[in-house]
Amino acid sequence: IFPGKKFSLQVLRNHLTAMQKMCEEYLVTKGFSEKIKQRDIILLEELRKRKQYSLYDSRLKQAEKNYKFEGNIDIDLFYELSALETEKTYYYAQRAQYSRYFETYIANSENIIMTMLLGIFEMVPNTIGLSKAYDLSAANTLIEKMDEVINYDALFANLRESNHKYYQILATYYYLYKAFKNPGDTLYYNNCRDLVFKNFARFSRQQVFGFLLHMETYCINRVHENKGEFNEEAVKVYRFMFEKDIFTHSKNDFISGVIFRNIILKAESATIDWTEKFVKKYLEKLSPELRETMKYFWEAKKGYLKQDFEKVIEAAIKIKYDVYGLKMDVKQMYLVSYYELGFYEEARSMMDSLIKYLNLNSEVVNIYREGHMNYISFYRKLLKLKETPDSEAAGKLRKEILEIKNLANREWLLQKTEELNG
């Protein structure tokens, strides 16, 4: 770098900046070379400008082969088709082929509308899911305003009656949208689930994974609304993911630690063997820094399910809290274990620790904070009843637990009050 010259920090910085720019240019060039459809459209545009019509027609036929519906349906497909059809309208207008121009213009209009509809039918569930999970607001946004004024139900009914060619594609997205807009009507969720399971091969892997994530979110939200039967629905989604090997957007991605955690959380005594298979198969597909954490989290959960509470504590000590929500999960396991083992002072200390964590940690959203605070309140009463038994008070506590809407670990609390009431 400095042949026969004095060292200069500024010259070194200039060289490093130039090298960085070269690396960035390489990444752009490499990325663009992999975007075959975009390259085709740019080539067609340049051929059209140069009036190379014969070559244009030949290249157009080749380009259209890249737009296959079977196994590729998603929002991006219609967006990319729109870009191709737009280029074709310019071409046919330039050549004064107006019947072909009109035909292409209509096709392009449908692609644009499909892109918009599929986008809305996915964005609304995504917005609702994120708003609930992270205490966010989407008020006064364009998507909210469109959702308020457009009658999508009438549009969908019309498409169904006319047997429109895109009705079957739209149906899955529409039922997903309706499930989140009207969560209490489970027919929409059931229709969406059945269509995804039946027609998954028609959609791109990325789109199927998106559907499955939305379905998981719907089930989790319903459980928080005291609809415990949706724990089983969530497990159906996870089993489908396992069967089809779709836990990520692409095959090369690491599995999300949150998904891994959720699957372990949903494990029940009857599903220990299946969850064990899942953990063994996919543990190495987590990012390296999460593997030990999830290994011990499963060991703790397994001990919990087998009522080996000393094993729970032994495994929980080794867990690092690298995944959102994991700290609350593990502290709950500690509380249950201390209760079952009769470690009452440790239980009180853990309650104080969890309360402090919930109050001081801004990352904990209100719906989870409320659910866990309610759990601690009932746990404290339960602990008192175990130390000083009172069957009548246990019966009243059980009724309160059944009536409250947002409550973490409800089933365990109910089980324990039943034991004390007996």
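1. Helix 18 passes helix 19 in a left-handed crossing; a crossing is left-handed if the near helix is turned anticlockwise from the far one by less than a right angle, and right-handed if clockwise. Helices here are DSSP runs (H or I, at least four residues), numbered from the N terminus. Please keep in mind that this is a predicted model, where local features need pLDDT of at least 70 and side-chain atom pairs count only at pLDDT 80 or more, while totals for chains, interfaces and linings use all residues. Residues are numbered from 1 along each chain as its sequence is written, and side-chain values use heavy atoms, with hydrogens and water left out.

2. Now for the geometry of that pair. Helix 18 (residues 366–387) and helix 19 (residues 391–403) pack at about 165°, with their axes 11 Å apart. Axes are lines fitted to C-alpha atoms, for helices over the stretch in contact, and angles run from 0 to 180 degrees between N-to-C directions. Helix 18 is therefore roughly antiparallel to helix 19 (angles under 35 degrees count as roughly parallel, over 145 as roughly antiparallel, 65 to 115 as roughly perpendicular and the rest as oblique).

3. Which residues of helix 18 and helix 19 make the contact? Phe378, Lys381, Leu382 and Leu385 come from helix 18, and Ala393, Ala394, Leu397, Glu400 and Ile401 from helix 19 (contact means heavy atoms within 4.5 Å). They divide into seven nonpolar, no polar and two charged. Ala, Val, Leu, Ile, Met, Phe, Trp, Tyr, Cys and Pro count as nonpolar, Asp, Glu, Lys and Arg as charged, and the others, Gly among them, as polar.

4. Next, take a look at helix 7 (residues 152–161) and helix 8 (residues 167–181), which pack at about 150° with axes 11 Å apart. That angle makes helix 7 roughly antiparallel to helix 8, and their crossing is left-handed. Among the residues in contact are Phe156 and Leu159 of helix 7 and Tyr174 and Tyr177 of helix 8. By class, this contact has nine nonpolar, no polar and three charged residues.

5. Helix 5 (residues 98–134) and helix 10 are packed at about 40°, with their axes 10 Å apart. The two are therefore oblique to each other, and helix 5 passes helix 10 in a left-handed crossing. Helix 5 brings Glu122, Pro125, Asn126, Gly129 and Lys132 to the contact, and helix 10 brings Gln207, Gly210, His214, Thr217 and Asn221. Here the classes are one nonpolar, seven polar and two charged.
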